[in-house]
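I opened this notebook to keep track of what I looked up, entry by entry. The structure comes first, and my notes follow it.

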Amino acid sequence: TLASDLPESIFQKDSVERTLLQHERGTVDHANRIWLLLTFASWHRQYRSTDSTFASDASSDQEASVCES
């Protein structure tokens, strides 16, 4: 679930689950907040994961662009 994809050191799982439930029930429109959470979760998987190949490729690209400056 989205709540488990987010780092607990930054997000409170109960709060994220409550937000999703409220949105699903139609109680509150949390579309923008959910989009931000999904975007962050995707970014976190790509750039902060220690075993991600994409993360090491992105680091190499950043190092190359710094050297070109």
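**Threonine 19 and its surroundings**

I began with threonine 19, which, once its neighbours within four places in sequence are left aside, is in contact with His30, Arg33 and Ile34, where contact means heavy atoms within 4.5 Å. I noted that this is a predicted model, in which local features need pLDDT of at least 70 and side-chain atom pairs count only at pLDDT 80 or more, while totals for chains, interfaces and linings use all residues. Residues are numbered from 1 along each chain as its sequence is written, and side-chain values use heavy atoms, with hydrogens and water left out.

I then placed threonine 19 in helix α2, residues 13-25; helices here are DSSP runs of H or I with at least four residues, strands are runs of E with at least two, and both are numbered from the N terminus. Is threonine 19 buried or exposed? I found it buried, at 8% relative accessibility, given that buried means under 20% relative accessible area, exposed over 50%, and partly exposed in between, with a 1.4 Å probe and protein chains only.

**The protein as a whole**

I looked up the secondary structure next, and it comes to four helices and zero strands, in the order α-α-α-α along the sequence. Of the 69 residues in the protein, 19% are buried. The accessible surface comes to about 5,500 Å², and 49% of that belongs to carbon and sulfur atoms; these areas come from the Shrake-Rupley method with a 1.4 Å probe, and for residues only the protein chains shown count as cover. Among contacts between residues at least 6 apart in sequence, 37% join residues at least 24 apart.

**The salt bridge**

How many salt bridges are there? I counted one, taking a salt bridge as a side-chain nitrogen of Lys or Arg within 4 Å of a carboxyl oxygen of Asp or Glu. The side chains of aspartate 5 and arginine 45 form this bridge, at 3.6 Å from N to O. The pair links distant parts of the chain, with aspartate 5 in helix α1 (residues 2-5) and arginine 45 in helix α3, 40 residues apart. Aspartate 5 is partly exposed at 38% relative accessibility, and arginine 45 is partly exposed too, at 46%.

**A patch on the surface**

My last entry concerns Trp35, Leu36 and Leu38, which form a nonpolar surface patch with about 370 Å² of accessible area together. Leucine 38 lies in helix α3, residues 31-47, and is partly exposed, with a relative accessible area of 41%. Patches are made of residues with over 30% relative accessible area and no salt bridge, like charges being joined within 9 Å and nonpolar side chains (Val, Leu, Ile, Met, Phe, Trp, Tyr) within 5 Å.
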